[in-house]
Amino acid sequence: MIELTEIVSEPSSYNPETKTVDTLYKLGTLYVNPRFIVEFRKNEELSENAGFIKVVVSSGGNWHKTYNVVGHPEQLLDMLRG
């Protein structure tokens, strides 16, 4: 297993001024079996100035989940290589 820092978003409350639901962001710990990582790439949707990665994890079959984690692709590649 490898340990990653996940960016978790949670809906907060309705903002009547913007007519949207505000979102809270927090960091969490994510443990992943590296054998199930099928794809990862730099996530520039969050910020171009900081290091964020989209990690796609599969559990077999057609199921997969995408996580946003802190770091740079090179760091994750180093972790996967051991």
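Reply: Two strands are taken as paired if DSSP finds at least two bridges between them, and with that criterion in hand we can turn to this predicted model.

Me: What makes β1 and β2 a pair of strands?

Reply: Twelve bridges join β1 (residues 2-15) to β2 (residues 20-32), and since the criterion asks for at least two, the two strands count as paired; they run antiparallel. Among the bridge partners are N15 and, in β2, T20. The two strands form a hairpin with four residues between them, and K19, in the turn, has a positive phi of about 55°.

Me: Why is the contact between K26 and E10 called a salt bridge?

Reply: Their side chains meet at 3.2 Å, N to O, and because the cut-off is 4 Å between a Lys or Arg nitrogen and an Asp or Glu carboxyl oxygen, the contact qualifies. The pair links distant parts of the chain, with K26 in strand β2 and E10 in strand β1, 16 residues apart.

Me: How do you know whether E45 and K54 are buried or exposed?

Reply: E45 has 65% relative accessibility, and because exposed means over 50%, E45 counts as exposed. K54 has 17%, and because buried means under 20%, K54 counts as buried.

Me: Why is R41 called partly exposed?

Reply: Its relative accessible area is 39%, which lies between the limits of 20% and 50%, so R41 is partly exposed.

Conventions:
Residues are numbered from 1 along each chain as its sequence is written. This is a predicted model: local features need pLDDT of at least 70, side-chain atom pairs count only at pLDDT 80 or more; totals for chains, interfaces and linings use all residues. Side-chain values use heavy atoms; hydrogens and water are left out. Buried means under 20% relative accessible area, exposed over 50%, partly exposed in between (1.4 Å probe, protein chains only).
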